[in-house]
Every structure is written in C-alpha cells, then in structure tokens.
Amino acid sequence: MFKIRQRNCMLIVTALVLAPCIVILMVMGPELSTEQSLTQRLAECHMRLQYLESMYRARQEDVSLLSQYLGQLQSANATTGSSAPPPPPPPLQVANLLDGLSPEARQLLRNASHISRGGGANGSLARSQNIRLPNAYHFLPHLLDDAGSLRPAYLQSKGRSDVSIVLGVPTVRREKQSYLLGTLHNLIENMNEEEQNETLIIVYIGETDQEAVQLIARQIESSFEPQVENGLIDIIAPAPSYYPNFERLRITLNDPLERVKWRSKQNLDFAYLMAYAHSKGTFYVQLEDDILTKRQFITTMKKFALIKSALTKPDQPAWFVLDFCQLGFIGKMFKSAELPYLITYFQMFYNDKPVDWLLTYFIESKVCRTDKDQKHCNQEKAKYWQHFRKSLFQHIGTSSSLKGKVQKLKDKQFGSKVPQYYAHTHNPPALIKSNIAPYKNYLLKRAYRGESYFWGLLPQPGDLVQIIFERPTQLRHYLFRSGNSEHPSDRFYNTTVELLPADTLSENSSVWSNYNTTTDGYLVVGAFDSLGVAEGQLDVKIGAIKELRLHVHSDSENWALLSEIELQEWGSDPKSDANAAKPRFVAGS
C-alpha cells in the first residue's frame, strides 16, 4: 500500500514539474519560430541595404565626373578676357542641367567639385584640382586606344534588375562540343516560377569574332525565346578592343603562352561580367557553361546566405564568399556591393595567376598575417570563405575551352541527385527495334519499358528507331528526351519524329495540310530540338497509329542516348501517377 502511495506521489510530482515546461514550450515555440523568421528578414534587409548603398556610390561617382566637366566649362568661361569675343554657349542640356536637379543634388555637385567662395576681398572663386585615383585605364591602358572599348559589342536585355540573385555564365565557342544550351536548360528547369522572377541569368560571350557572337546569341534566343523575352536571360559580349594584345603578354608561372593567354582572358572575362552584373541584384553567383544543378538551388542559396548574414555577430567579420561547389570558380556567391573589390583585383593581376588562385590570394591578403602560421591563416580564411554542406553544382564538361585540355573533374560532394533517365512504365504495348547498335545492356526495349536508358553507337543517315504497336493506337502526346547528365552530348541530331496512320486518310483531310509526308507515306510530326528533345501534341484527326519512328538524317560525331520515352494515349489522364515520370539514379557509366 505504501509503495502504491509512493508511486502516486512520484507521478504527481513529475506531472507538476513537466506541466510548466510543456506550457513554456507551447508558448515559446511559435515565438522562437517567429524570432528566427524575423532574424532572416533582418538579414535580407541588411543585404538589400548594402546593395542600395553600392548603387548610391555609383550615382555619386557619376555626379563627381559630371561636376568636373561642369567645372571645366566654368573655368574656360572665367579665363576668357572681357575684350575677347564671348565663348560659344554650352549645349542647352548642360546649361539647364543644374536647374533641372533637386537642391540636394545641386549641393552635392558643388561639394564634389570643391568650388566655394574664396576668402579674398574680391570674392573670387578658389579652386582646387581633384586628385585622380587609379582606375581600369591604369591597369588596362589599351582601353584608351578605343573610346568604345567598354561598350558592349552585343547586348540583348529587357532591363531586368533589382533581383535577389544574378547568375553569371561565361561562354566561348568550343571546337568539339558546346554544353551551354544544356546548362541553361538545366538551370531554368530547376527553378520554380517564384525563383525565376527573382533571378537574372547573364550569358557572357567571350568572343571577338562577331559572327561567332551572333551565332551563339541566336542559338540562345531561339532555344529560350520566352525566357529572353520576359527578361530572365541577358546576353552580352564585349567589344574586341576590350582585350589587350594577348601575343604580348608576359610569360608567368612558366606556363606556355597559349595557357597564359587563356587564363588571362578568363580573368578579364570574369571582370567584365561582374562589372555588368554589379548593379543588377543583391547577390552574384559565378557559374560556368558546362554544369548541372539541383532543384530549388536558388532558394537554397538565398536561404543559406541570409542565415549566414543573420548569424554574424557585430564583432565578427562578415562572409565574403559562400561556396556551393568544391571545383574551381563554380558556384561562388558574392554580395554584389563587394564585387568592385574583385573586379579591380582581377584587372590588376589578370596576367599573373588563374582566376581561382586570385580569389584565394585576395582572401589571404585580407586576413592572413605574416607572423602567424598557415593553420591560423586557414582558420581566418574560413570566416570569410564559408562552404555549403553539399555541393549544388556539378561539372559535366570534358572538352575545355583551352585547346587540347581535357577536363574530367567531378565534385564528389554533389552526390547522385541528378537522374540518369526518367522511367515511364505505361507506354502502349509495342514491338521495339532499331538498326542503331546498342552499347552493352542499354537496350531500346528496356528504355521503352522504363527499366534503363537506350545508349546506341554512332547513328548513321537512314537509321531508324521503330515503335510498332501491337494494335492500332491513338496517341495524344509524345516525348523523347536524348542525352543525360553523364553524357549530355550523346543526343539525337537532325532527327525527325514520323508516324504511320493505321487507316488511310481521305484526300480532303486537313491532316495533309498540317504535316509533311515522307516518300513511304509517313507523316512528319516533329523533330529533335537543339536541346535533344522531341515533344508534341498530335491531331486527333490522325486517328489510330500503326507505327511511330525516329528517323536519323545525318552523320553524328556522338553516340545516341534516349533518357526518356513517353507516349500518352487519348483517354488517359496525363496527371495520373501511371503517366508520371519516375526519376532513376544509376551508377556512372
């Protein structure tokens, strides 16, 4: 009996102790969540304020230059004698400029030009000449040879600015394989609508040949017309005079001249791209044109940046670079307000070191001490250069923009979050065959059943991929996706999608006016685009289909890989789980 009472007393005491704790947790829980949300919002406001301050400084610089010009006009008027003929009046827009400015702006002009009333009896103006600080022309004196050296030779922009994140994607013409369109497709595909609205992608074409610039620009504009039109993608190329004479560069690091030219040009490309992006958004992320990323990477990067900013104590240094990829200069995020430091540094040492080395030396110059060891230096660098726990970007290119260089680096921190193929297990029953020889066990019939992807050897003109239905089938939609993350260049090129109706169409059918026909009676209903995708809706008037085929029309330097095959019948629900694409992850091949 005593033990029962003792047990009851213990239960009562435990309940009395736990009850207040539970109440406190219930009350404080929402408050803690609210506090964390407010902290992140304050960090976002702080980053936003830094960006606006950098824009204000840019306007101050404009005003300073303008005031010097006006001061020169005033000086020229003052030195003209009264007996001499009056000087020509300044242009109307300059004469009326001060009248059109606000009182605060006029005061700023007077302060910047150092014009004040002198203390002499005659009340004359006392002037002092501004000290001229070094600028880009000191580090890149060849820019003075052409007044348009800093004016873009090509610019496609809808003027989008004031975004959260700017993505810089430099590209050049590659001899073997271009990954640019696949990279842009992957970036856009992994953004939701909200992320796209707060992002700007800047493609920088680092070519001096205007035909090459126009070709790359047209490819982007045709492949991503909606994104170019709504302002998500900007395209820019520098004037040829922006670059120095690369043949006269100093040989540094005992590198061959070709490598010195390549890395020196890359430094100047990054500086130009950053200078253009500086006023476009709060954060800037440097990428390359041969990468893959993960879903919602924009939200992930922004959230990480705001958390790191919110957790920075007043007595601690703020981060300078956030690293979302372990390789080179890929996935490096900076505050746009701090880009001028890097731009100037790259301009100063463009001929000396590779761009990723310069970033390391820049951080070391800020934090490392000569009287401390390397361990202390690394500890201090880690405060300014912080890493995200998992890489958000993976390098996929193998053909470098440097001639003869093969680049097979992979980021092991990226993981296997990118599917190698998309399985559709409810395609209509059919006989599948092709005269494209398969590689190992990557068979076409297995790809059609959603068990793997099809990987075939070099396609030749006239090669076919045939899908012969067991019974006449009326299709509503088709999708063929070629290439994958491991083999992005193994796509179908110059290949059409053709079908053979099960029943003979009448001569008056409107189908004949909508589609071209082949000599053997097939309707040409589509073709693979520059991204290696063939997709389309089929006219219900076509009726049941006996056969669907892919028809190759030219030689290919690459193998062909089908990573997705989807055929939807009329009457099926396109949003059902049966028709949904199922991502599949396999070991690298």
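User: Why is Cys-368 called partly exposed in this structure?

Analyst: In this predicted model, Cys-368 has a relative accessible area of 23%. Buried requires under 20% and exposed requires over 50%, so Cys-368, at 23%, is partly exposed.

User: What makes Cys-377 count as buried?

Analyst: The relative accessibility of Cys-377 is 6%. The limit for buried is under 20%, and therefore Cys-377 counts as buried.

User: How do you know that a disulfide joins Cys-368 to Cys-377?

Analyst: The S to S distance is 1.8 Å. The criterion is a pair of cysteine sulfur atoms within 2.5 Å, so Cys-368 and Cys-377 qualify as a disulfide. By this rule the count comes to 1 disulfide. The link of Cys-368 and Cys-377 is right-handed, with 65 degrees about the S-S bond.

User: What makes up the contact of helix 12 with helix 13, by class?

Analyst: Helix 12 (residues 339-349) and helix 13 (residues 355-367) pack at about 115 degrees, with axes 10 Å apart. Among the residues in contact are Tyr-341 and Phe-346 of helix 12 and Leu-358, Phe-362 and Ser-365 of helix 13. By class, the contact has 10 nonpolar, 1 polar and no charged residues.

Definitions and conventions
Residues are numbered from 1 along each chain as its sequence is written. This is a predicted model: local features need pLDDT of at least 70, side-chain atom pairs count only at pLDDT 80 or more; totals for chains, interfaces and linings use all residues. Side-chain values use heavy atoms; hydrogens and water are left out. Axes are lines fitted to C-alpha atoms, for helices over the stretch in contact, and angles run from 0 to 180 degrees between N-to-C directions. Helices (H or I, at least four residues) and strands (E, at least two) are DSSP runs, numbered from the N terminus. Contact means heavy atoms within 4.5 Å. Ala, Val, Leu, Ile, Met, Phe, Trp, Tyr, Cys and Pro count as nonpolar, Asp, Glu, Lys and Arg as charged, and the others, Gly among them, as polar. Buried means under 20% relative accessible area, exposed over 50%, partly exposed in between (1.4 Å probe, protein chains only).
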